[in-house]
Protein chains: 2
Amino acid sequence: VKLYESLAADIAGLIEQGVLREGDRIQSVRQASQHHNLSVSTVIRAYLLLESRGLIESRPQSGYFVRAMQARPGAEPAAVPQAARATEAARAPQLDAAKLILATLRSIREGSVPFGSPYPDPELFPSSRLNSYAGSVGRQHPSGLMADLPPGDPELIRQIARRHLDNGLAVDPGEIVITVGATEALNLCLQAVARPGAAVAVESPSYIPVRQSLARFGMRAVEIPTDAVHGIDLDLLERAIVNDGLVAAVVMPNFQNPLGCRMSESHKDALVALMHRHAVPLIENGVYDELYFGDSPPSTLKSRDRDGLVMHCNSFSKNLTASQHIGWMLTGRYRAQVEALKLFNTLGTPVLPQLVIAQYLRQDGYDFHLRRLRRHLSQQARMMVAAVRRFFPPGTRLATPDGGYLLWVGLPAGVKALALFARAQERGISLAPGDIFGSDPSLANYIRLNYSYPWTADTDAALRTLGLLAGELATGTGAGKDHSTLPARD
Amino acid sequence: VKLYESLAADIAGLIEQGVLREGDRIQSVRQASQHHNLSVSTVIRAYLLLESRGLIESRPQSGYFVRAMQARPGAEPAAVPQAARATEAARAPQLDAAKLILATLRSIREGSVPFGSPYPDPELFPSSRLNSYAGSVGRQHPSGLMADLPPGDPELIRQIARRHLDNGLAVDPGEIVITVGATEALNLCLQAVARPGAAVAVESPSYIPVRQSLARFGMRAVEIPTDAVHGIDLDLLERAIVNDGLVAAVVMPNFQNPLGCRMSESHKDALVALMHRHAVPLIENGVYDELYFGDSPPSTLKSRDRDGLVMHCNSFSKNLTASQHIGWMLTGRYRAQVEALKLFNTLGTPVLPQLVIAQYLRQDGYDFHLRRLRRHLSQQARMMVAAVRRFFPPGTRLATPDGGYLLWVGLPAGVKALALFARAQERGISLAPGDIFGSDPSLANYIRLNYSYPWTADTDAALRTLGLLAGELATGTGAGKDHSTLPARD
């Protein structure tokens, strides 16, 4: 028996005897090395062995822990109570955006009520159908094809062009570049048109990562007020173009994150016309475009583009598969810049997921899946709106979404979202406080709720709890007496 | 019959009758739309149909072309003469790095002699074995696992830790983050430790993308002379730390690209000690570490790291699969920063390729594959060295590589690599001119040759041509009379 096997056997024995129990932290590699007078390599090898047997697990930045019985291979999966568990990572209210996102994601992994998640429930996706293609596309794929390199797999590009066409956007396939999700697409857009120091307009409130990327690239975010009725304020945008020398604007016209609203057709016309008039590039985020509740797909800003000034970013992550991170962009006149940036950011996009998705799109099941997905989300939206109206205190305001899976809720006057966030986390309920979507102080009065997950008794209980907490916070703030409703879309 | 079908049938007819021939450019979408008085959508739909039937193809930034017969589905694959074809993209000597890389890649796609490629021949990889796992891992993968999110799939992380251990590097799996290739890993490292405006040391000559990324992030590259015998100059590096306020250095200690050399053990010790003394982070590029020709793996800088100051970047792209772009890094003390940056750069890494590679590594075929790969590359290295000695003019200098797949060749004094590059491209031979690896003017006298591709009569012929061209350029430059050899590694 080798040294590491012997150490592993000792630890496994302690677990079996119950000396080390589920969730216990075991010695760090360094401690164990000193304690047993073994080399660091030997200890690591022993821990790897125990990990591969499912007895222990490593947690980021924390160390090694004894795994729960039901999580071990061969054990029956046990039901995890949804609302009951506060997670370590989620306990402290963190305003740092990256930590907050990671905390939210980890809380989903571990079973809290994921109202704070920015992602749709992955169970909504046809994973087994997609997975069933993996073997055959793997076999067919010739190794030398280089379909990973920009612009990406030609068949996937063709299928994407076809899909856009079906949705009313005539796009030249030569304008499509495949990316690692819409996140990379948006980053490439920003770098294609803006240098460090440049000013870029973003909506306020808006999606966190774009503002993070602007900071990372040394660019300046100019926040333009955006509301759930009218969308981005065009007068203020034009003023910023003139006064701040904007080099681009990033806009999400359909089912905006976090507002959930869709820009009217006339507002889209006016926005694109404004950008053309000033010859400023417009970066469109279209990741929720397929998640409409009405009868027909919403129009894009890109469909109004006359001279390649609009770049459109999209992905399959919100409507087909979140774990494959396949996105794309329509480059407009910036194709050469985008291809070069893509090369130096990730070189290429993994080819196997591209082939799997292309194959799925060829099979014509996509429309059927999307219809079901839209029906589900639309139903959940109605249930969420009804529950918030029922459980939340007077003075709560909300918009009825007409697409996507996110509900924007205005708390009674004076109630701070961060206070609610902290109290909810203590009870194992995640939510997204408005503060993270921009620097406008009025955002501190809003929360964003994800309604894509299955509706259970826990969901109702968690919303009731949230409502009670909001009510406690509202007491003595002079909050309004009645529910009011944000005006519906025009 | 619909309008687009009718247009497609008309064009297909013209191709069949030979009116439109292989390689002919067909009307642009806009032209066809005006000419036939059809909507742009109808024309795009017709072109998509023709493309899906394999009759036409779109070429980036060029338009639509009639496809070659042999490239059409159902047609017999014809042998493509390797040395005979100069490609459109490769015709003009381009110093712009992105264009050069794309041109080189496209030239490989289209069959020129790929001495200029930065990548190993993909035929060397066990693609069908990897592909055979795609179906089963796809079926097993539970959709909600989120193994795509940082740090990545736990099983792949475990296998990578095990592999490092086998190669003599004891690494805590908690330090590993999966990335989209080593390219993303290097970008995350730079952003984790340097802000826009900061100075970062790079080797001169060195790998292009790091310098490109520094420029993109608004950072300053300080080029430190590096030679094939001693590696990076430590005196000059220390001086730059003091005078330029370096915040990091990027170094490739083993089989450096483009020099092909391996740093001595004592030089590695001294480098890491120097960086620790000044508390400056060291970013190690280890992508060729598995491609050693000796009996045992080369040591890493990371194995000398005492306090988390060394970040190590690596990938499977140079030794297992190039098209999946799965890399990783050892974060040292920068794990939190790296995870946050990863979230905002690509959010996650596609999960299917991670699972396929993890499964492959579990099966124990990796060592066998690598032994064969190393044997092949070592043999090819000897053949390439012999051929260059034989065909190139007196005054040519070269180092005998002891790993990797790249040969660094000094041309006779006065011979400009770019002149050779241009003449070679006219003959369908690609090579990498030294100029692209840094701003030191002496690099203009060197070329880098890739020797991973199968050795054929075309290879010999192409090297003979290169040697003749170099000889013509050397005439009258007073070049040396004899071959000399760059000293071998100590």
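Trainee: Where is the place of A:Phe255 in chain A?

Mentor: A:Phe255 sits in the loop between strand E8 (248-251) and helix H10 (265-278) of chain A, where helices (H or I, at least four residues) and strands (E, at least two) are DSSP runs numbered from the N terminus. This is a predicted model, in which local features need pLDDT of at least 70, side-chain atom pairs count only at pLDDT 80 or more, and totals for chains, interfaces and linings use all residues. Residues are numbered from 1 along each chain as its sequence is written, chains are lettered from A and ligands numbered from 1 in the order in which they are written, and side-chain values use heavy atoms, with hydrogens and water left out.

Trainee: Why is A:Phe255 called buried?

Mentor: Buried means under 20% relative accessible area, with exposed over 50% and partly exposed in between (1.4 Å probe, protein chains only); A:Phe255 has a relative accessible area of 1%, and therefore counts as buried. Its phi is near 55°, a positive value in a residue other than glycine, whereas most residues other than glycine have a negative phi.

Trainee: What makes A:Leu347 buried?

Mentor: A:Leu347 has 12% relative accessibility, so the residue counts as buried. A:Leu347 lies in the loop between H11 and H12 of chain A, and has a positive phi of about 70° although it is not a glycine.

Trainee: How many residues of each chain are in contact, and what area is buried between the two chains?

Mentor: Taking contact as heavy atoms within 4.5 Å, 78 residues of chain A touch 78 residues of chain B. The buried area, which is the accessible area (1.4 Å probe) that two parts lose on being put together, summed over both, is about 7,200 Å², and carbon and sulfur atoms give 63% of that area.

Trainee: Which peptide bond that ends at B:Pro205 is cis?

Mentor: The bond from B:Ser204 to B:Pro205 is cis, with omega near 5°, and B:Pro205 is placed in the loop between strand E5 (199-204) and helix H8 (208-216) of chain B.
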